[in-house]
Amino acid sequence: MTNLKAPLQLDQKIIINTSVEKVWEVFNDQSLLTKWTQDVQKSTFVERMASPGQLRKNECIVNGKKGTIETRCVGMTGKVRAEFVVEKDSFGMTKMLIDMSFAAEFRRLNDNKTEFSMLSYYSPKNFLLKLMNPFIKKKMKKEVEIMINGLKIYIETGETNKLNPINN
């Protein structure tokens with residue numbers, strides 16, 4: 001059962017060499033976002049660990065432009081799946097994409113190996129954006145790939161994402 005309304009657009013996976021519990025803990029620890037993402041410069045939240053109903057406001061730099069993205073955790077299923085919706089942003093994404101949201105899935109392969117999946121959901125707002133969706137998907141796929149690789153590297157080595165200006 002999902003709380004996300006839009007159709008699935010992207011399903012990206014990576015193998016992280018540690019336990020599912022460790023991947024879950026780092027991904028959901030909102031105080032660590034700047035360590036492994038490439039865009040988040042500051043994150044404001046009520047509780048350190050993401051939980052259903054909680055809103056997070058991220059100050060970001062995306063393609064050299066400063067702005068904000070507000071996401072709300074809308075569901076968690078054990079240490080298996082976490083769901084978030086993008087409520088608003090200053091980059092214009094929520095004006096172009098309806099019900100923009102994402103889910104993270106965590107699958108234990110063995111005690112020291114986890115398959116982490118980032119699933120991106122949205123609907124293009126109009127006909128022109130539907131025509132542009134292959135380009136939108138390609139750009140989003142690249143951004144998510146950088147992010148999940150950053151998560152893997154941070155968890156496995158402790159090295160922060162050097163593509164994020166705050167980590168240099």
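Biologist: How does α1 pass α4, in a left-handed or a right-handed crossing?

Modeller: α1 passes α4 in a right-handed crossing. This is a predicted model, by the way.

Biologist: What about the axes of helix α1 and helix α4: within what distance do they come, and at what angle do they cross?

Modeller: They come within 11 Å. The crossing is at roughly 120°. Helix α1 covers residues 20–28, and helix α4 covers residues 127–157.

Biologist: Which residues meet there?

Modeller: From α1, Lys22, Val23, Val26 and Phe27. From α4, Leu151, Tyr154 and Ile155. By class, that contact has six nonpolar residues, one charged and no polar.

Biologist: Switching to the sheet. How many strands, and in what order?

Modeller: Seven strands, in an open sheet. The order is β1-β7-β6-β5-β4-β3-β2, and the pairing is antiparallel.

Biologist: Which strands stand at the edges?

Modeller: β1 and β2 (40–44). Each has a single partner strand, so one side of each has no neighbour in the sheet.

Biologist: And the twist from one strand to the next, what does it average?

Modeller: It averages 25°.

Biologist: Where does α1 pack on the sheet?

Modeller: α1 touches β1, β4, β5, β6 and β7. Its direction makes about 155° with that of β6.

Biologist: Which strands does α4 lie across?

Modeller: β1, β6 and β7. α4 runs at about 20° to β1.

Biologist: How many bridges join β1 to β7?

Modeller: Eight, with the two strands antiparallel. β1 is residues 8–16. In this pair, Ile16 stands opposite Thr114.

Biologist: And how many join β6 to β7?

Modeller: 11, also running antiparallel. β6 takes in residues 97–110. Ala103 stands opposite Leu119 in β7.

Biologist: What do β6 and β7 form?

Modeller: A hairpin, with two residues between the strands.

Biologist: How do β3 and β4 pair, parallel or antiparallel?

Modeller: Antiparallel, over eight bridges. Strand β3 is residues 55–62. Its Cys60 stands opposite Gly67 in β4.

Biologist: Now the inside. Which residues of the largest nonpolar core touch the most other members?

Modeller: Phe27, Trp36, Phe106, Phe116, Met118 and Leu151, out of 37 residues in that core. Elements giving two or more residues to the core are β1, α1, α2, β4 (65–77), β5 (81–89), β6, β7 and α4.

Biologist: Where does the largest share come from?

Modeller: From α4, with nine residues.

Biologist: Take Met118. What does it touch?

Modeller: Leaving out residues up to four places away in sequence, Met118 touches Leu10, Asp11, Gln12, Phe27, Phe102, Ala103, Val144, Met147 and Ile148.

Biologist: What does the second core include?

Modeller: Leu4, Ala6, Ala103 and Leu119 are among its five residues. That core is separate.

Biologist: Last one, Asp29. Where is it found?

Modeller: In the loop between α1 and α2 (33–36).

Biologist: Buried or exposed?

Modeller: Asp29 counts as buried because its relative accessible area is 7%, and the cut-off is under 20%.

Biologist: Which residues does Asp29 touch?

Modeller: Arg48 and Met49, again not counting residues up to four places away in sequence.

Definitions and conventions: Residues numbered from 1 in each chain as written. Predicted model: local features only at pLDDT ≥ 70, side-chain atom pairs only at ≥ 80, totals over all residues. Heavy atoms only, no water. Axes fitted to C-alpha atoms, helices over the stretch in contact; angles between N-to-C directions. Helix = DSSP H or I, 4+ residues; strand = E, 2+ residues; numbered from the N terminus. Left-handed = near helix turned anticlockwise from the far one by under 90°. Contact = heavy atoms within 4.5 Å. Nonpolar A, V, L, I, M, F, W, Y, C, P; charged D, E, K, R; others polar. Pairing = 2+ DSSP bridges. Buried < 20%, exposed > 50% of the residue type's maximum accessible area, 1.4 Å probe, protein only. Core = buried A, V, L, I, M, F, W, Y, C linked by side-chain atoms within 4.5 Å.
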